[in-house]
Amino acid sequence: MTKSRAILWGLLLLLVVRVAAMIWVPLTDPTEARYAEIARKMAETGNWITPQFDYGVPFWAKPPLHTWLSALGITIFGETPFAARLGILLSALATLVILWLWARTLTDRVTAGVAVLLTASSGLFFVALGFVQTDMALTLGVTACMAGFYGGLQGDRRWGWLFFLGLAIGLLAKGPVATVLSMMPITAFMLWRGNWKDLLRLPLLGGTVLVAVLVMPWYLAAEIATPGYLNYFIVGEHIQRFLQPGWSGDLYGSGRAHPKGMIWLFWILATLPWSPLLPLLLWRLRKGLPKTETVDMAADRHAYIYLLMFALAPLVLFTPAANILVTYVLPGVPAAALLSVMLWVRIGPAQPKWLHLGVAEVLVVATGLTVVALLGLGRSAIPSEAPLIEAFDGDGRLGILGGRSYSAEFYTQGKVARLKTLDDVGTWLAPGDGVLVPKYRQDEFATRFGDAVRPVAENRKYLLYVRAQ
């Protein structure tokens with residue numbers, strides 16, 4: 001009971017700290033604020049079929065599940081960062097619940113709880129838990145798919161239905177890559193395991209119909225609403241993006257070229273602070289797993305192999321890719337956590353002392369964030385224009401010179417004017433108006449407008465000027 005309470009307290013502390021950050025930390029540019037602004041536009045326009053990169057400009061890069069989640073939160077609770085992040089939080093909690101239920105079929109309650117705590121406290125998962133983007137919804141789909149398949153293979157049709165539901169979630173969260181991330185380790189596992197007739201334990205016909213009913217209507221509606229979507233999304237986003245460094249066909253930004261194989265380094269960073277323990281675990285495994293009369297060795301071996309393939313799938317898939325992000329490792333984190341904990345408990349002491357490290361870690365994080373908040377630090381260093389919008393004391397309009405800020409758009413409900421040149425500013429600027437000026441252009445701006453404007457606030461990228469009345 002003491003260990004269970006420690007796990008529960010650790011998870012509750014993580015949740016409290018993360019929810020506080022969801023409220024206190026402004027939407028960050030460019031990624032999070034961009035997705036939040038797309039969701040805000042969806043809620044504002046009522047167009048739930050086509051996410052919009054700008055008013056009237058479709059966003060073809062991703063399916064809409066994460067946008068639906070954020071837009072629904074905004075519709076219910078208003079245009080706030082917390083509302084935009086709430087659906088992502090709920091998808092993360094659903095992922096942890098599925099992981100817990102699945103782990104309980106593979107091991108004992110305490111080990112399952114530690115695996116959930118390890119997942120939730122891993123650096124990338126902790127950040128993504130309340131961060132507006134696609135990867136947490138994808139992780140929910142992949143986790144449901146992988147857990148459902150393994151449980152369904154044992155003959156429980158409820159898990160089998162979860163497998164197909166996970167496929168549908170993944171296809172609506174990020175598209176075909178979700179199916180690849182699931183089916184690649186499943187196929188490898190079945191080739192190793194054999195007994196293909198066990199697939200008949202899954203609700204194959206009904207599950208396929210479920211996926212088609214949940215997924216196909218939106219894809220067809222999206223293509224009808226904006227012809228060309230399927231070609232761009234399937235060919236461009238799923239093939240050219242990963243095989244062409246600096247892919248120039250990206251409609252919504254430049255590609256991110258990294259050395260091939262960088263995904264493995266990203267995994268180490270994403271799973272901090274726990275990844276340094278991996279060499280120790282491998283060292284302790286050098287002599288193999290100890291035999292015990294209380295463990296079904298064959299079933300255990302199947303579970304370990306399955307979890308290993310699940311955890312490695314994102315790394316193997318994206319090893320040859322050039323345009324990758326650290327978030328691409330996220331779908332494999334729950335499996336890596338569960339596998340690591342199960343192995344550690346199997347070869348280690350019955351009461352692993354490092355269980356309490358998770359709670360201590362959460363306390364340190366919570367204390368650090370509290371100190372930062374009390375000292376008034378942090379918000380000025382966050383890549384967001386939210387503090388400048390809050391500091392605007394004029395009674396007129398707000399514009400931005402020479403660029404686009406998604407956070408400025410979100411916090412002004414899409415009303416910030418985009419001004420390309422100083423001449424545009426001169427024509428547009430009226431008494432009481434404010435302008436966000438890039439710092440590298442502040443000298444020419446000040447020379448052009450002189451005493452007619454006054455600086456009000458600044459952040460890492462912009463200076464806010466307001467024209468005198």
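Is Trp60 buried or exposed? Trp60 is buried, with a relative accessible area of 15%, where buried means under 20%, exposed over 50% and partly exposed in between (1.4 Å probe, protein chains only).

## Basis of the model

This is a predicted model, in which local features need pLDDT of at least 70 and side-chain atom pairs count only at pLDDT 80 or more, while totals for chains, interfaces and linings use all residues. Residues are numbered from 1 along each chain as its sequence is written, and side-chain values use heavy atoms, leaving out hydrogens and water.

## The chain as a whole

The protein chain has 20 helices and seven strands; these are DSSP runs numbered from the N terminus, with helices (H or I) of at least four residues and strands (E) of at least two. Of its 469 residues, 51% count as buried.

Contact means heavy atoms within 4.5 Å. Among contacts between residues at least 6 apart in sequence, 74% join residues at least 24 apart.

## Helix H2

Helix H2 covers residues 31-45 and reaches 21 Å from its first C-alpha to its last, close to the 21 Å expected at 1.5 Å a residue. That expected span is 1.5 Å times one less than the number of residues. Eleven of the 15 residues of H2 are buried, including Tyr35 and Met42. Their cover includes strand E1 (52-54) and helices H3 (65-77), H4 (81-106) and H18 (406-411). Gly46 follows H2 and has a positive phi, near 75 degrees.

The charged end of Arg34 lies 5.1 Å from the centre of the Tyr35 ring, and that of Lys41 lies 4.9 Å from the centre of the Tyr55 ring.

## Aromatic pairs

Rings of Phe, Tyr and Trp (its six-membered ring) pair if their centres lie within 6.5 Å; planes under 30 degrees apart count as stacked, over 60 as edge-to-face and the rest as tilted. The count comes to 23 aromatic pairs. Trp60 and Tyr229 form an edge-to-face pair, 6.4 Å centre to centre with 70 degrees between the planes. This pair links distant parts of the chain, with Trp60 in the loop between strand E2 (57-58) and H3, and Tyr229 in helix H11 (residues 229-243), 169 residues apart. Tyr229 counts as buried because its relative accessibility is 2%.

Trp102 and Tyr306 are also edge-to-face, at 6.0 Å and 90 degrees.

Notes: A charge sits over a ring if NZ of Lys or CZ of Arg is within 6 Å of the ring centre and within 35 degrees of the ring normal.
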